[in-house]
Amino acid sequence: MSHNILILKGDGIGPEVVDVAVAILQHMGLDLNFSEAKAGYACFQEVGDPIPQTTIDAARAADATIFGAVTTPPDIPNYRSAVVTLRRELDLYANLRPVHSLGLTGGHYREGLDFYVVRENTEGLYIGQEEDFGDYAVAKRLITKKGSERIVRYAYELARHTGKRKVTVVHKANILRLTDGLFRRTALAVAKEYDEQYGIEVQELLVDTMAMRLIKDPQNFEVIVTTNLFGDILSDEAAELVGGLGVAASGNIGEHGAIFEPVHGSAPDIAGKGVANPFATLLATVMMLQHIGENAAAQRLQSAVAATIRQGVLTPDLGGTANTARVKEQIISNL
Ligand code: ATP
């Protein structure tokens with residue numbers, strides 16, 4: 001079956017890393033139709049909008065989108081973030097971050113990890129409802145039954161499809177009794193269903209305990225599901241365990257679209273120098289292939305990326321001497 005893939009290259013190193021992903025997908029000979037649309041600061045300078053309606057419509061129509069990175073300029077009033085706008089417009093409620101050890105060394109790297117962090121992407125403290133009262137300010141935190149149910153169900157479906165046997169529900173319901181109380185109750189009702197039907201176990205952890213356990217015994221986790229801010233923090237903490245920003249990929253997924261991107265930004269300091277690290281974008285591409293059901297291709301690409309890392313063909317940010325073109329060549333030869 002043919003799949004329509006939208007390419008949003010963005011700014012800075014975005015085009016350099018996305019071009020590698022597209023070249024590799026083309027090399028793999030999959031039945032994919034690529035189209036391209038504009039987003040980001042260069043797009044804003046060209047057409048006066050960082051995320052034109054035509055781009056939003058194209059992302060909605062595509063089976064999946066690969067997104068590079070965009071530069072957010074300071075001091076432009078009412079400037080809309082391309083990714084945040086796409087998340088909202090397409091209701092991409094699930095933010096998925098795989099945490100897989102791929103053979104890097106040094107830093108906080110831990111071998112043998114293979115789990116997912118699933119973060120609710122539309123609610124919590126990120127609804128933009130803050131009020132300034134002079135000497136104090138207040139932020140509202142929205143948790144809904146519908147939002148909690150669909151993110152926890154997403155986590156369980158992910159567990160079911162990836163052969164995981166345990167889902168860890170993370171909250172702070174002992175303090176945030178009403179908001180996280182609702183998240184917890186809703187999560188445990190979904191958990192009961194999946195325990196009865198599929199024997200998938202639930203584990204509950206307070207967010208502070210979770211933060212400790214990620215360092216202490218990260219190998220004991222399979223799928224972690226939590227609310228927006230907790231997920232934001234825990235997913236970056238988890239990324240550090242498998243190599244950090246240079247290999248961190250994420251998916252923003254909903255009923256009306258799915259966008260896969262590297263977690264890093266547009267790195268304007270190295271743009272155009274040919275040394276951008278494409279690994280995070282390639283791992284986002286692996287996620288994209290899994291999303292459209294090309295599981296064998298996803299596995300093949302992930303293995304080629306892991307082999308390249310183990311062979312030490314790394315860009316300077318990962319401690320190597322290879323440039324972007326060299327990494328691409330090695331991945332192709334490992335496919
Ligand atoms: P933005 O302003 O778009 O968020 P940024 O580059 O300031 O982008 P980060 O993505 O956090 O933000 O990157 C910080 C630094 O890390 C970059 O300036 C760059 O030196 C390095 N870096 C990030 N991504 C990559 C990459 N893919 N390859 C090589 N270096 C990178």
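Modeller: Bear in mind that this is a predicted model. Helix α7 (residues 207-216) lies across β5 (114-120), β8, β9 and β10, and runs at about 105 degrees to β9.

Biologist: And which strands does helix α6 lie across?

Modeller: Helix α6 (residues 179-198) lies across β8 (166-171), β9 and β10 (223-226). Its direction is at about 170 degrees to β8.

Biologist: What is the order of the strands in the sheet?

Modeller: The sheet is open, has ten strands with mixed pairing, and goes β2-β1-β3-β12-β11-β4-β5-β10-β8-β9. At the edges are β2 (32-37) and β9 (201-206), each of which pairs on one side only.

Biologist: How do β4 and β11 run, parallel or antiparallel?

Modeller: Antiparallel, with three bridges joining β4 to β11 (residues 249-254). Alanine 94 has isoleucine 253 in β11 as its bridge partner.

Biologist: New topic. How many cavities of 30 Å³ or more are there?

Modeller: Two. Of the 17 residues lining it, Pro98, Val99, His100, Val247 and Leu283 are the closest to its centre. The lining has twelve nonpolar, four polar and one charged residues.

Biologist: Where does the largest cavity lie relative to domain 1 and domain 2?

Modeller: Domain 1 (1-90 + 256-335) and domain 2 (101-245) both give residues to its lining, so the largest cavity lies between them.

Biologist: What lines the second largest cavity?

Modeller: Glu120, Glu123, Gly124, Ile143, Ser148, Phe183, Thr227 and Asn228. The space in the second largest cavity is about 30 Å³.

Methods:
Residues numbered from 1 in each chain as written. Predicted model: local features only at pLDDT ≥ 70, side-chain atom pairs only at ≥ 80, totals over all residues. Heavy atoms only, no water. 1 Å grid on protein atoms, 1.4 Å probe; cavity = no way out; pocket = protein on both sides within 12 Å on 5 of 7 lines; lining within 4 Å. Points joined across faces, edges and corners; volume = space filled by probe spheres on them. Nonpolar A, V, L, I, M, F, W, Y, C, P; charged D, E, K, R; others polar. Domains from an automatic or database assignment. Pairing = 2+ DSSP bridges. Helix = DSSP H or I, 4+ residues; strand = E, 2+ residues; numbered from the N terminus. Contact = heavy atoms within 4.5 Å. Axes fitted to C-alpha atoms, helices over the stretch in contact; angles between N-to-C directions.
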